[in-house]
Amino acid sequence: MLAVAQLWASAHGALGPFRSLLDDYLANPQSAFVSWAGLGLACVGISARHRIVAVAAAAVLDLLTLGLQALCGWHLSIGTGPTLVLTALVVTVARWHGRPRRIALRAIAFGVLLIMASKLADTWLLVSITAGPRVLDEYVQYADRALGDPAWLVGSAVEAAGPIATTVLHAVYIQLPAAAVVVAVWQLRRVTTAPWPRHNLLRTFLALGIIGPLGYVLFPVVGPVFAYGPLGHGLQIGDWPQVLPSVTGTPAPMLFDSGTARNCMPSMHTAWATALFIHSRSGPRWLRWGGALWLVCTLLATLGFGYHYGCDLIAGAVLCLTVESALREPDRGWDRYRIRIVALGAAVFAGLLLSYRFLAVTMATYPVPSGLAMLAASAAVGFGFYATWFAAPDSRLARWSGRNVTVDTDVVLD
């Protein structure tokens, strides 16, 4: 995938994942905090002494890089230090033997995957622009009437809340990978002395990152701040969030610029934040509260900054529950209960997208029943997910969802 992405990017005059990685090495890092997140993941597989040396070396190298950038008048950015240290870790660990080598290389692989996945995503955003010159924002805005136009309501509230609230929400929005690493590190904290967990947050993150962005090509949407707001570069057809657009006439595909990514449907920030929330449930209190607050702030940011419509968020949450159901508790196998919840989630996700595209006018004309139907369908997926994976043992709900089925929990992936 990376090689194909690089070939496509080179043919279209874009950076591409491998050239972006080269910039990381050459003091012009593109990954910034994602490189540090990747190094943090890699460090869970090595000893405490090696972790201290690796983090300290990366910090020193990043400071030296910042000094060089300032001296030469270049753009200031971090990420070169952890990239170099991560490479040095691969060379060092490759010389080890036995289980320490396997565990360390696996952790390093997760760190590298996180970094390269982010670079692949950057290229895919360019693919979404090329594949979708016309966007479907009018359809989604019509469908959003069934939810009460949350992007306009929350956008106005965030604008009125002032700069402090905006700064906090913006930090939460852009630092989602860092929060994911905190949860993942907690899940993998004992891998040097205990078996590797069969399932963790990073598996869901990566699976969502592969599946979700396909929607950008199938359903190109730029978001209210672009299609209706100040970032539309003259192509916007409204005044978000001050003026709520009318729903007169028939929605139509809208020609948009060649610089704005069509990355709204589904909301991957919502999907990833929901996954983070789910995986934080098994942690200590501080982690559970952190996961809940991160989810709430992410939802407020996606709507408040005009990056997404309410319909995007519902689709992202349903996608997350579906993918997580396919991956969770691998020892349980693909019994009829897992098949049931995955099939339900996939059907609801497809039904939502088809409704947004072909029933938008109907949803705007009859907002209350349409909104209730959307919420009921997503709530059914949420209920099925909870029943299948979190119902209390020996309860009626657990028996209905197969939670009482015995599985061999001693089978682990070393």
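Me: On what basis are the values computed?
Reply: This is a predicted model, in which local features need pLDDT of at least 70 and side-chain atom pairs count only at pLDDT 80 or more, whereas totals for chains, interfaces and linings use all residues. Residues are numbered from 1 along each chain as its sequence is written, and side-chain values use heavy atoms, with hydrogens and water left out.

Me: How many helices and strands does the protein chain have, and what is its radius of gyration?
Reply: Helices (H or I, at least four residues) and strands (E, at least two) are DSSP runs, numbered from the N terminus. By that assignment the protein chain has 20 helices and two strands. The globule rule, 2.2 Å times the number of residues to the power 0.38, is compared with a radius of gyration taken over C-alpha atoms. For 414 residues the rule gives 22 Å, so the chain is as compact as a globular protein of that length, with a radius of gyration of 22 Å.

Me: What share of the residues of the protein chain counts as buried?
Reply: Buried means under 20% relative accessible area, exposed over 50%, and partly exposed in between (1.4 Å probe, protein chains only). Of the 414 residues, the share that counts as buried is 48%.

Me: What is the distance between the end C-alpha atoms of helix 4, and which residues in helix 4 are buried?
Reply: The expected span of a helix is 1.5 Å times one less than its number of residues. For the 25 residues of helix 4 (residues 48–72) this gives 36 Å, which agrees with the end-to-end C-alpha distance of 36 Å. Helix 3 (33–43) and helix 5 (80–93) are among the elements that cover the buried residues of helix 4. Those buried residues are Ala54, Ala58, Asp62, Thr65 and Gln69.

Me: Is Asp149 buried or exposed, and which residues is Asp149 in contact with?
Reply: Asp149 lies in the loop between helix 7 (137–144) and helix 8 (150–161). Because its relative accessibility is 5%, Asp149 counts as buried. Contact means heavy atoms within 4.5 Å. Leaving aside neighbours within four places in sequence, the contacts of Asp149 are Gln141, Asp144 and Leu244.

Me: Which residues does Leu208 touch?
Reply: Residues up to four places away in sequence are not counted here. On that basis, Leu208 touches Pro213, Met268, Ala271, Trp272, Ala275, Leu319, Cys320 and Val323.
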